[in-house]
Amino acid sequence: MTRLKFTTLAQILSVAVLLAAAPTQAADKMTVLLDWFVNPDHAPLIVAKERGYFEDAGLDVELIAPADPNDPPKLVAAGKAELAVSYQPQLHMQVDAGLPLVRVGTLVATPLSSLVVLADGPIKSVADLKGRKIGYSVGGFEDALLSAMLEKAGLSLSDVTLINVNFSLSPSIISGQVDAVIGAFRNFELNQMDIIGKPGRAFYPEEEGVPAYDELILVARKDATDDPRLPRFLSALERGTLYLTNHPDEAWQLFIGAYKDLDDELNRRAWADTLRRFALRPAALDAARYTRFAEFLKAQGLIKTVRPISDYGVELGRGEL
Amino acid sequence: MTADPHPETTEPGASAAPLGVRLSAAHVAWDHRVLFDGLQVELAAGRWTCLLGPSGVGKSMLLRLILGLEGANSDSTGRVTCSDGAGLAGRAAFMAQDDLLYPWLTVLDNVTLGRRLRGEPAAGQTRDRALGLLADVGLSDQADAFPRTLSGGMRQRAALARTLLEDRPVVLMDEPFSALDAITRVRLQDLAAEMLEGRTVLLVTHDPLEALRLGDAIHVMSGRPAKLDDALAPQGDPPRRVTDAHILELQGELLSRLTEAAGLAEAAGLAEVVK
Amino acid sequence: MNLLRPLIIAAGLIALWQAVVTVSGAPPYILPGPAAVAAAWIARPALFLGHGLITAAEILLGLGLGFVLGIMGALAMAYFRPARRWLLPVLVISQAVPVFALAPVLVLWLGYGMASKVAMATLIIFFPVTAAFHDGLTRTEPGWIDLARTMNGSRAAILRHVRIPAALPALGSGLRVATAVAPIGAVVGEWVGASGGLGYLMLHANARIQVDVMFAALLTLAVLAVTLYFTVDFAVRRTISWQPETLPAND
């Protein structure tokens, strides 16, 4: 009888030790560099984090906002972070310049960049831009968008004056210093202008001669695509996107719960406008679409060669939940 | 570049006859301490008055009071009258321990500084006079040099020339030669005595020998609040010879007065006051 | 002028740069080596010279304006006590506020042309001049002022003949500092909104991942800044030739 008690005690103790040991298995750390300060464009990421989906996948994800939007892809390429939120057009140019980057996921599956004019202004169509001043932010790629849009309207870049207004897109058009701005995000600047009382009218590049592209994507280092954390990350991200799609109001509460300073009218409106634009299948890659956009960029002289999609885009396998 | 020294540069010349100066009811408080109160000083016309005393007693304050220069942090009042009844404004020239030559001006431009400051055209005549004075003090070769190339003695000589060009009947000097070596000092004392002859001079000094060589009336300032003793009046015309027995005798007297003054200063717990 | 020394310094810096690239293993899209940057420059010299000229114009205009305003500010503060009391805190605040906060406001008032860039540069330049010159004006050797007053110099005469010449070395110091920071003002102005200039070129090249072009523009700016500084330094020393330099090393 003593022997039985001893064995049971030993079994209980060993189970207890194992149970105690289990929590010490730490989650894998991951650093994700955002493209800009946290905003509704990052909703799937925020929701996935706040709902614990990353944690479920054994990931400890840190979201970092950069000082300079141009840095995250370079830092990922240099191996300082696992993922960066970036832009598809920029990815094509970065790869062309030799950065070892690969697109592994999509966040926002439609373009957000638009050509914006004052709603009650004289410009009713793209053709009306002839002889006008257009403000742009230095993203390196706005003139290509604009050039294609003008071409469709029978104009060229020489018919307009480009003025670099950097980050002051809304102020410059509201104050009348420029007649239009290119590079304004349709979910943000339009709402901003509306709130101030000077609503804008947007012309969408994908409707005016520019092939459709993903505005926000996730990029990783080229030789790290076999990182086992990535598929788990994307699965958790998909869960976040689905929750967002099914429960938009609860998701908004989660968002402002984590970022109280974003609880304002502008973000609320931007949230609503961005909801339908998130990639419902973040890991999926439309190779033909990417190649079509690359050909557009080459024709505009922004990249030298159209590479095979496998060079810079990948669809990763499912990870275990 | 030489010019004949003009005779009028060494005498008051066309300007007034020797001027006596009286400072009365002089009061100076520095940093809430009264340095002197109700003090009276007479500067005999055309003579040298020397003022000695321990450091911090207020000699320089007194000189500045006569000149009409306020010191920083000081509260000074007094009445200055001249023997012809008018005030002293514009009739006194100043020489300090520092030659005060402006480093960005040549020696000649420094000498003619007064004209420039008053906006009077530095006419050819002024320039000639200046060159003449420079020759008198032995600096004719340095007219176009900058002060930094000159030795201490040469710079004070230039300052002397500048003082003389001002051609004022009263000259106030605050230890002008104390920064120079002994030989240069004696030479400059001789030069000053010669060139300032006929003008009323107040010389503040801490060298008793210098006072005895140059002074017609020598006062020792002592105590707090400070007072002036009766003047010591050596015989003979300045510059006197140091080997003169009379001078050596007076030196003893002067030194004992100074020692007493220093004792009073210590007793009054005088801190080193920046003059 | 001894050209050998600057050439040796330049060669040394280039060698150091290459060493940093090699040792740190930094990829070319973060830190290109001197050879790549030189190649970018040689491929399109007109580009860098053209934008360089724009930035140079902004800097020179800013220097000129900043110099004049700096002198005026210093004189105002030295001669009018209310100016010192009310103006000085405002000036200090203008320096404490980061320029990128003020830049958009300036652009709003002055537009996107050269005016706002010159205004930015002036804003950064004038304060060192004001501070240094004011210091020089108020710390004139008291003996010199005493002498001038005994000579019946008027206030204006004392300012013109005593205080200002005596304050020139301090002014020169302030001007040197201003010259060193002038390029920063011009470039920040360009970052806010410009269509030309080296700052704009750097921004544009960075966005297009043309990092070698960005560094070539940076290098052009550096050469411009150094040339400007030593030119100003030379001019200042010539003007104040009456003040001897005594090197402490020789004590």
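**Chains A, B and C**

Visitor: How do the axes of α7(C) and α8(C) cross, and within what distance do they come?
Guide: The axes of α7(C) and α8(C) cross at roughly 165 degrees and come within 11 Å. α7(C) is therefore roughly antiparallel to α8(C). Axes are lines fitted to C-alpha atoms, for helices over the stretch in contact, with angles from 0 to 180 degrees between N-to-C directions. Angles under 35 degrees count as roughly parallel, over 145 as roughly antiparallel, 65 to 115 as roughly perpendicular and the rest as oblique.

Visitor: What sort of model is this, and how do I read the labels?
Guide: This is a predicted model, in which local features need pLDDT of at least 70 and side-chain atom pairs count only at pLDDT 80 or more, while totals for chains, interfaces and linings use all residues. Residues are numbered from 1 along each chain as its sequence is written, and chains are lettered from A and ligands numbered from 1 in the order in which they are written.

Visitor: Back to the two helices. Which residues meet there?
Guide: From α7(C), Trp144(C), Ile145(C) and Ala148(C) meet Ile158(C), Val162(C) and Ala166(C) of α8(C). Two residues are in contact if their C-beta atoms, placed from the backbone, lie within 7 Å.

Visitor: And what classes of residue are those?
Guide: The contact of α7(C) with α8(C) has six nonpolar residues, no polar and no charged ones. Ala, Val, Leu, Ile, Met, Phe, Trp, Tyr, Cys and Pro count as nonpolar, Asp, Glu, Lys and Arg as charged, and the others, Gly among them, as polar.

Visitor: What else is chain C built from?
Guide: Chain C has 10 helices and zero strands. Helices (H or I, at least four residues) and strands (E, at least two) are DSSP runs, numbered from the N terminus.

Visitor: What does the C-alpha trace of chain C span?
Guide: Along its principal axes, the C-alpha trace of chain C spans about 70 × 50 × 30 Å. Among the contacts in chain C with a separation of 6 or more, 76% are between residues 24 or more positions apart.

Visitor: How many of the residues in chain C are buried?
Guide: Of the 251 residues in chain C, 40% are buried. A residue is buried if 20 or more other C-beta atoms, placed from the backbone, lie within 10 Å of its own, exposed if 12 or fewer, and partly exposed in between.

Visitor: Where does Arg160(C) sit?
Guide: Arg160(C) is in helix α8 of chain C. With 15 other C-beta atoms within 10 Å, Arg160(C) is partly exposed. Arg160(C) and Met114(C) lie 46 residues apart in sequence, and their C-alpha atoms are 35 Å apart in space.

Visitor: New topic. Which chains share the most contacts?
Guide: There are two pairs of chains in contact, and chains A and C share the most contacts. In that pair, 21 residues of chain A are in contact with 21 residues of chain C. On the side of chain A that touches chain C, α4 (71-77), α5 (88-96) and β7 (161-164) of chain A each supply at least two residues. β7(A) gives the most to that side, with three residues. The residues of that side of chain A divide into 10 nonpolar, 10 polar and one charged.

Visitor: How far apart are chains A and B?
Guide: The closest C-alpha atoms of chain A and chain B lie 50 Å apart, and no contact joins these chains.

Visitor: How many residues does chain C use to touch chain B?
Guide: 16 residues of chain C are in contact with 21 residues of chain B. α7 (142-150) and α8 (155-192) of chain C are the elements that give two or more residues to this side of chain C. The largest share comes from α7(C), with seven residues. By class, the side of chain C that touches chain B has eight nonpolar, six polar and two charged residues.

Visitor: What about helices in chain A, say α8(A) and α11(A)?
Guide: Helix α8 (residues 189-196) and helix α11 (residues 265-274) of chain A have axes that come within 9 Å and cross at roughly 135 degrees. α8(A) and α11(A) are therefore oblique to each other. Asn191(A), Gln192(A) and Ile195(A) of α8(A) make the contact with Glu265(A), Leu266(A), Arg269(A), Ala270(A) and Asp273(A) of α11(A). The residues of this contact divide into three nonpolar, two polar and three charged.
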